[in-house]
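Please look over the sequence and the model shown here before turning to the dialogue that follows.

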Amino acid sequence: MSEETAGTAVCRRLVGRTAVITGAGSGIGLATARRLASEGAHVVCADIDAERGEAVAKETGGRYVPTDVTDADQVEALFRAAHEAYGSVDVAFNNAGISPPDDDSILTTGPDAWRRVQEVNLTSVYLCCKAAIPYMRRQGRGSIINTASFVAVMGAATSQISYTASKGGVLAMSRELGVQFAREGIRVNALCPGPVNTPLLKELFAKDPERAARRLVHVPVGRFAEPEEIAAAVAFLASDDASFVNASTFLVDGGISGAYVTPL
């Protein structure tokens, strides 16, 4: 089967560059590790799940670094390992995140659930950016892609309050960093996917099919995204094709954020 037939990437925009991916063991992270490797990048796979992390590193010819993204020392060690292995840190895809069932309406979400989601979804991005930027400053170049969400620009009556707030924080932080470091050759963008057909989403919606149906009806294209479609956007933002894309709210949401009513 050819690359074209298989639907995999045939362009080679990232040859010789080093890409660090958090949450690389599944979902968007896994699809992105495959995509960036196919475009020639050295992929450094970070995940808290050693079995999954090692498997994707082996598949992509990269390296696995066990990482709890809420631990500053482990995050620093992750980027140091990438630099020591390959001599640069060119791309940071700060993607790890959670969406636990106890994060719901503000009326029912407790402080512990709130804090845990903020730590994994927002504080981890702060830690990863803080660790990656010094390497990029010395190089005079770099692309940081932080996973936010379409929920950062919209409101939902079926709330996941801490998740939504965390993604709004990622969006604002990415914008500020993109402005601050632009003249040093560093681009920072917030990737804002719509609902994606990942294990995380499947698990959430399997427990609550009504929630899935309520959300799906608002997507103009009539389906959720596939992880490979989000990975394609990451590859673009990581590459020189996106050389003038910076501090952006990069929506890949099937039109959901632009919709008032959707087709019947």
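Student: How many helices and strands does the secondary structure of the chain come to?

Tutor: This is a predicted model, in which local features need pLDDT of at least 70, side-chain atom pairs count only at pLDDT 80 or more, and totals for chains, interfaces and linings use all residues. Residues are numbered from 1 along each chain as its sequence is written, and side-chain values use heavy atoms, with hydrogens and water left out. Helices (H or I, at least four residues) and strands (E, at least two) are DSSP runs numbered from the N terminus. On that basis the chain has nine helices and seven strands.

Student: What radius of gyration does the chain have?

Tutor: The radius is taken over C-alpha atoms, and the globule rule is 2.2 Å times the number of residues to the power 0.38. For 264 residues a compact globule would have a value near 18 Å, and the chain agrees with this, at 18 Å.

Student: What share of the residues of the chain counts as buried?

Tutor: Buried means under 20% relative accessible area, exposed over 50%, and partly exposed in between, with a 1.4 Å probe and protein chains only. Of the 264 residues, the buried share is 49%.

Student: Where does Ala-247 lie, and what is its phi?

Tutor: Ala-247 is in the loop between helix 9 (227-238) and strand 7 (249-252), and is partly exposed, with a relative accessible area of 21%. Most residues other than glycine have a negative phi. Ala-247, although not a glycine, has a positive phi of about 55°.
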